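Reader: Please take a close look at the nonpolar core of this chain and set it in its surroundings. How is it built, and which parts of the chain contribute to it?

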Amino acid sequence: MEPAESVLFIFGLFAMVAEAMTAALAAGRRKMDWFGVAVLGCVTALGGGSLRDMLLGHYPLLWVKHPSLLFLTGGAALLTIALARVVHRLHYLFLVLDAVGLVVFTIIGCSVAMSMGQPLTIVVVAGMITGCAGGVLRDILCTEIPLLFRSELYASVSLLTGAIYVAFTNLGTEHVAVVIGSVAFGLTFRLLAIRYKWEMPKFIYEREGPH
C-alpha cells in the first residue's frame, strides 16, 4: 500500500468511527433502542460510500468486501451510549468529528472516482456524495431536515475540498501532501463556518394576499 493510500485508509477508519458516533447521538435524541443506534451508525458511516459505488458501478461495496466495517461502525455507535453522560461536555468535539468525516469521505470519494477514470465533474460530485449522503440518510431516518439542505456551509465545504484535492492531484503534487492539505483546508473551512455562523442565502417564500 502506497503512503498516500495508507494515509487515506487511516483517515477513512477514523472518519467512519467519528460519523458512527455522531449518528449515535442523533439516535439518542430520537430515543432509539440499541439496535437502532447500531444501524444508524452503520448507515451514516457507510451510506455515502455505498451510494457512490452504486451510482458509479464500483463493486463490491466496501462493507461487503470488508464486513468487519459493520462491526467497527456499529460498535462505535454502541460505545457512544456508554459515553452519553459526558457527551454534553463533548459537544464541540463531536462537531469536529463530524467535520473530519465530511472532508475525509469527500477526498476518499474523489480518489475512488479518479481511479475509475471518471470525468473531473463526476469526480467532484462523487466526493460530495461520499461526504454528505451518509448524513442525509441519518437525518431522514431521524425525521429531520437534512443538514445538507439547511443554510449551513456543508455541501459547499465538500465541493471546495474535493475541487482542491482534484486540482492539486492533477498538477502532480505529492499525493500525501495533497491529502493532508485538503483535509486541513476542509476541516478549517468547516470549523470556521460553524464558529462564525457562515451560511448560504436562504429562499423564503410567503404567499401574499388572500388564500
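Author: A word on confidence comes first: pLDDT is the predictor's confidence in each residue, on a scale from 0 to 100. This is a predicted model, in which local features need pLDDT of at least 70 and side-chain atom pairs count only at pLDDT 80 or more, while totals for chains, interfaces and linings use all residues. Residues are numbered from 1 along each chain as its sequence is written, and side-chain values use heavy atoms, with hydrogens and water left out. Among the elements of the chain, helix 2 has the highest mean pLDDT (97), and helix 5, residues 84-87, the lowest (72).

The chain holds nine helices and zero strands, both being DSSP runs numbered from the N terminus (helices H or I, at least four residues; strands E, at least two). A nonpolar core is a set of buried Ala, Val, Leu, Ile, Met, Phe, Trp, Tyr and Cys residues joined through side-chain atoms within 4.5 Å, where buried means under 20% relative accessible area (1.4 Å probe, protein chains only). The largest such core has 43 residues, and those with the most contacts inside it are Met16, Val104, Ile108, Val157, Tyr165 and Val166. Two or more residues each come from helices 1, 2, 4, 6, 7, 8 and 9, with helix 6 giving the most, 12 residues. With contact meaning heavy atoms within 4.5 Å, Val157 touches Leu102, Val103, Gly186, Phe189 and Arg190, leaving aside residues up to four places away in sequence. Another core, of eight residues, lies apart from the largest one and includes Ala23, Ala27, Leu40 and Ala77.

Definitions and conventions: Buried < 20%, exposed > 50% of the residue type's maximum accessible area, 1.4 Å probe, protein only.
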